[in-house]
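Please read this briefing alongside the sequence and the model.

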Amino acid sequence: MDGSPAPTTSSTAAADALATLRALRDADPPTHGGRVLSYVYDPGRADLDELAAEAARLFQPVNGLDPTTFRSVARLERDLVALAREVLHGDPDVVGSVTSGGTESCLLAVKAARDAWRAARPERGDVVPRLVLPTTAHPAFRKAAHYLGLALVEVPVDVASGAVRARTVLDAVGEDADATALVVVSAPAYPFGALDPVAEVAAGAAALGVACHVDACFGGWVLPWWPGDLPAWDLSVPGVTSLSADLHKFGYTPKGASVLLHRGRERLHHQYFATKGWPGYPVVNATMLGSRAAGPLAAAWAVTRALGVDGYAGLTRAAHDATVAVRGGIEATVGLRVVGAPTGPVLAVACDDDEPAQRQVDPFRWVDALRARGWLAQCQPGMTQPDGTRLPRTAHLTLTAVTAGVAGTLVRDAAAAADDVR
């Protein structure tokens, strides 16, 4: 005997397991090719898929829990934070972490703001801090308020455009500024693609002594290269104290990787959890997780290195061209309308109520008709806002770089799907 351990898994069992996994995946919607118009972000580059897979495989056994043991983890995270700081116009005072995704980034941004608020007001321990945000802010912030014990203050947006007014947000903050731990704006907001008035809100919040977070989880890796002159929205804006940006969206890296940046190391420290209150090793967690898979971190590092700024600019041009083409097709379709003036590669499609009833197209039925033609759009049910106004139900379309190659087909099928419904 050679002393090697006996195999415990037969080759047949392993083959059967892989066959079952392949069958399960084959039943899923296609994640490549541009036919899924939400949830997945496809650059149309098979080489990036292979690069990411190999990078993740190299780091598969690594535990990101302790970067003093696996020093490679600290290096990869440091490089990604530095790249995000550069792309998002942060100064040297900006620091941050890589998280598992946008929800974790948003949770940690709220935790840091809450704990900073508490540290500055030790005498107000009986006060529940407030979190102020537009109704279009991501549900991750509602989850954060629920988990972390903040009072949620939701501000209505304009029904026609899906955009929020700075004055409306600041009035809500000013109702009790000293009890407000954080105000949130989006760049852009996912439901309608509206770019919130970041500069005005951040300046007003700063004047009231309130922290301001920009949720750029959706737009953080596409707006920096989006054509046209956009209003200031990133860390170049005074008064922005933190910002989140998902690498696994328009950074085109595998799930899950996001970056959370803070202005100042003190705010970052409020993100941490640390304890020596047990007989094991000292625990210092920068994120919600303890043990962390290093594979997504390595894959994100490799993809961002391979693409670089020029690569992202090219992919953004493709996504922009696709968005312009698809938007033009939808706007030319009787019975449908695009909500507002979206910024970035996102469209919310509603029924055009100005048309006679027989010419209107219900967006949910349109989604079903698109599905029958091989496209998956996302239904957004709308909502009644705190002021009683009703946001319309819509179909959500996220357009990526790969959509540019199928935009013509999508436009034709979108028009035909509307005919099917009408």
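Axes are lines fitted to C-alpha atoms, taken for helices over the stretch in contact, and angles between N-to-C directions run from 0 to 180 degrees. Helices (H or I, at least four residues) and strands (E, at least two) are DSSP runs numbered from the N terminus. The model is predicted, so that local features need pLDDT of at least 70 and side-chain atom pairs count only at pLDDT 80 or more, while totals for chains, interfaces and linings use all residues. Residues are numbered from 1 along each chain as its sequence is written, and side-chain values use heavy atoms, with hydrogens and water left out.

**Helix 2 against helix 9**

- Helix 2 (residues 46-58) packs with helix 9 (residues 295-331) at an angle of about 140 degrees, and their axes are 7 Å apart.
- That angle makes helix 2 oblique to helix 9, given that angles under 35 degrees count as roughly parallel, over 145 as roughly antiparallel, 65 to 115 as roughly perpendicular and the rest as oblique.
- On the helix 2 side the contact (heavy atoms within 4.5 Å) is made by Leu-48, Leu-51, Ala-52, Ala-55 and Ala-56, and on the helix 9 side by residues including Gly-295, Ala-298, Val-303 and Leu-307.
- By class, the contact of helix 2 with helix 9 has 11 nonpolar, one polar and no charged residues, where Ala, Val, Leu, Ile, Met, Phe, Trp, Tyr, Cys and Pro count as nonpolar, Asp, Glu, Lys and Arg as charged, and the others, Gly among them, as polar.

- Four strands form an open sheet in the order 10-11-15-12 with antiparallel pairing, two strands being paired if DSSP finds at least two bridges between them.
- Strand 10 (336-338) and strand 12 (378-380) stand at the edges with a single partner strand each, so one side of each is left without a neighbour in the sheet.
- Neighbouring strands of this sheet are turned by 35 degrees against each other on average, direction ignored.
- Strand 11 (residues 346-351) pairs with strand 15 (residues 394-398) over four bridges in the antiparallel sense; Val-349 has Ala-395 of strand 15 as its bridge partner, and Val-346 stands opposite Thr-398 in strand 15.
- Strand 10 and strand 11 run antiparallel and are joined by three bridges, with Cys-351 in strand 11 as the bridge partner of Leu-336.

**Helices on the sheet**

- Helix 9 lies across strand 10, strand 11 and strand 15, and runs at about 5 degrees to strand 11.
- Helix 10 (residues 363-372) also packs on the sheet, touching strand 10, strand 11, strand 12 and strand 15, and its direction makes about 45 degrees with that of strand 15.
- Strand 11 is mostly covered, six of its six residues being buried (under 20% relative accessible area, with exposed meaning over 50% and partly exposed in between, for a 1.4 Å probe and protein chains only).

- Most residues other than glycine have a negative phi, and most peptide bonds are trans.
- A cis peptide bond with omega of about -15 degrees joins Ala-187 and Pro-188, and Pro-188 is placed in the loop between strand 4 (180-186) and helix 7 (198-207).
- The peptide bond from Lys-255 to Gly-256 is cis as well, with omega near -10 degrees; Gly-256 lies in the loop between strand 6 (242-246) and strand 7 (258-263).
- Tyr-252, found in the loop between strand 6 and strand 7, has a positive phi of about 60 degrees although it is not a glycine, and at 6% relative accessibility Tyr-252 counts as buried.
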